[in-house]
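Keep the model in view as you read.

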Amino acid sequence: MSKEYKGIVKAWEATVRKSQGFTKKRSHTIFGTMMSATVAHADDEDPSSTTTKEVLLPNGDFYTGQWLEGLPHGSGKYLWTDGCMYCGEWQKGKTTGKGRFTWPSGASYEGDFKVGYMDGIGTYTGSSGDTYKGCWVMNLKHGQGIQNYATGDCYDGEWKKGLQDGHGKYQWKSGTNYVGEWNGGIMNGNGVMNFEDGNRYDGNWEDGFPKEWDQQELFLGESLSACKISVTEVASIYPSQKACYVPGSDAGSADGRLSNYSMSSWEGSDSGVGGGFDGEGEESYYGYTNVNENLNKLRLQPAKKQGETISKGHKNYELMLNLQLGIRHSVGRPGPPLTSLDLKSSAFDPREKVWTKFPPEGSKYTVPHQSCEFRWKDYCPLVFRTLRKLFNVDPADYMISICGDDALRELSSPGKSGSFFYLTNDDRYMIKTMKKAEVKVLIRMLPAYYNHVRQFENTLVTKYFGLHCVKLTGPNQKKVRFIIMGNLFNTEYAIHRRFDLKGSSHGRITCKPESEIDASTTLKDLDLNYLFRLQRVWYQEFCRQVDRDCELLEQERVMDYSLLVGIHFRESFHRADIPTPPRTSGARTPTGLRTPTGTRTPTRNGDVDSDVVGGGAPRLSKAEIDKLVLDPSRWASIKLGMNMPARVEKTVRRDGETQLVGEPTGELYQVILTFGIIDILQDYDISKKLEHAYKSMQYDPTSISAVDPKQYSRRFRDFIFKVFVEES
């Protein structure tokens, strides 16, 4: 602990003793001499006055500096009872601007703050001596920065969410250095390692090791083993978790920790510096303007899981058993270890499939079972096995989710395509029955799909984990084809509103009475009454990824896909039922927010929309959600399209169905967004061409869904980029 800091703590303790009855006059204030300073209790002041004073707060915290309307505002210093201290600029009780935060351990941060967060350009000095100087976004290193470690190592390069990510140089104390690409704090991509003894490796890296080693490079192993990446010091508590105590308010607790505090989006500008604060005291960084008032218009009932549990006696009970037996066999079957993600073209061959017979009494390769005899087919098993590895799916967890003791759940009616949907009990996976034509499309596009999801980690297209077929015995010889995919709405947050967006207008409205619309209803383009506001970095990445994904689908001659968007309204679930504003022409303004009640996800015709399900994961309380969103260790789970803090702005249509995108009203809500591109297996085949020709004679050709893939992609992107906008 520094000599200066010890002196401050000692002076602060003396101030506390004085407030408890010690009358010995001090020769100076604890933070140095200040003109016209007075010592007062916070609850004795005139809230309308603006002054410079020393304030001893009821919980024992101490503040000295400029004070406005009962809150620190301007320049001031705040000392918490646990020894943490902030010296710098304030706006309406929050650390915003230039400042310095110190910890009792002796660690410090000096630089930019935004609404309590280390955000902007700043320098962190750890208690062990390591330092970081560079860009920050919401307490995390994000952008360009230099880290000097206590071990003597140094990293100079790009950071993302607190880890080395992008291009950078790591210099070890020994003299060895690495210059190249990083991913998640690990050497990954193209890079050059220059060893202290003169040896050198130039090539591809994967998970911190050279991707391809030959016999001449084995000597690198011993040198490489000594090159460990140093660990940075982690703060015991973040500045954003410290609150200015305000008497009679729930904003802070006795220990100075933040209680019910909300944030919108942690991303900032291209430089990694957070954006969105208007500089005039308005908390637009977190979307607070008008948010609390607007939340009063929302209501929500407790969430329930969707679907009917498939138990014994259900018409599809044996089919479920067959599916689980087949998955257990496919995933559990011994195979060579996956040493590389590079696959030969033969792995994608449409003829690459494996048939297995499952007699009830069992066989050399299968276990006895109580279902009827059936045959099981695996399509391109090596490709899907590699995809599961690419998507970080653990084989044991995968089998437990699908084949465990808990039964699958079936959505109560088929979708408009005639497909049935099944959910695993933990809501992680969805199983959809497929037509033969859809299987052919997937097999045809599988090489391009595999390369795409491998290249773009943040792709929004549906994740596929397995393609199978069950052939039942008997006179019908019925074949049932299945695709296993990720459930987009498997999230901790209850989904209050869901929209299926295509960019077309004909028939794109939910024909249901307003009173029947709830959180399980899938609304469509003409029902959409929000703009989605993303912070700049998220918005730019979103636009890039939508372009990439659409280019893939256009290249594969696929159309009729949509962007499925789930909205979780923060804090809305504990508000009273208050009617929403009246419905405007062509737009849906639901009467309330109610989560799924064990029913299907209906569309315009009452069917279950393809790939659309409700999340049935355990829901969180307001306090738990605040903790989840504010906990920096959980920010790694926030990615493009998943658990994204954002804002939505209410819109109204004034021209009915002729206006696809409504006009903004300035009414804002703080939300968590989940979204992805679904239904990517519709080929522009002869049936779609005939549909286009027929409907074009009756309706505006640009308004119908069935159009050429190139035109579909262009129209889809134009619409999506109008309803998703950059936060100003």
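Axes are lines fitted to C-alpha atoms, for helices over the stretch in contact, and angles run from 0 to 180 degrees between N-to-C directions. Helices (H or I, at least four residues) and strands (E, at least two) are DSSP runs, numbered from the N terminus. This is a predicted model: local features need pLDDT of at least 70, side-chain atom pairs count only at pLDDT 80 or more, and totals for chains, interfaces and linings use all residues. Residues are numbered from 1 along each chain as its sequence is written, and side-chain values use heavy atoms, without hydrogens and water.

Start with helix H8 (residues 536-555) and helix H11 (residues 709-723). They pack at about 165 degrees, with axes 9 Å apart. H8 and H11 are therefore roughly antiparallel (an angle over 145 degrees). Contact means heavy atoms within 4.5 Å. On the H8 side, the contact residues include Tyr-539, Phe-542 and Val-546. Among those they meet in H11 are Phe-716, Ile-720 and Phe-721.

Now turn to the sheet. Eight strands form an open, antiparallel sheet in the order S17-S20-S21-S22-S24-S23-S19-S18. Strands pair if DSSP finds at least two bridges between them. The edges are S17 (308-309) and S18 (353-358), each pairing on one side only.

Within the sheet, S21 (residues 421-423) and S22 (residues 429-434) pair over three bridges, in the antiparallel sense. There, Phe-421 stands opposite Lys-432 of S22. Helix H6 (residues 395-403) packs on the sheet and touches S22, S23 and S24. The direction of H6 makes about 65 degrees with that of S22.

Terms used:
Parallel < 35°, antiparallel > 145°, perpendicular 65-115°, else oblique.
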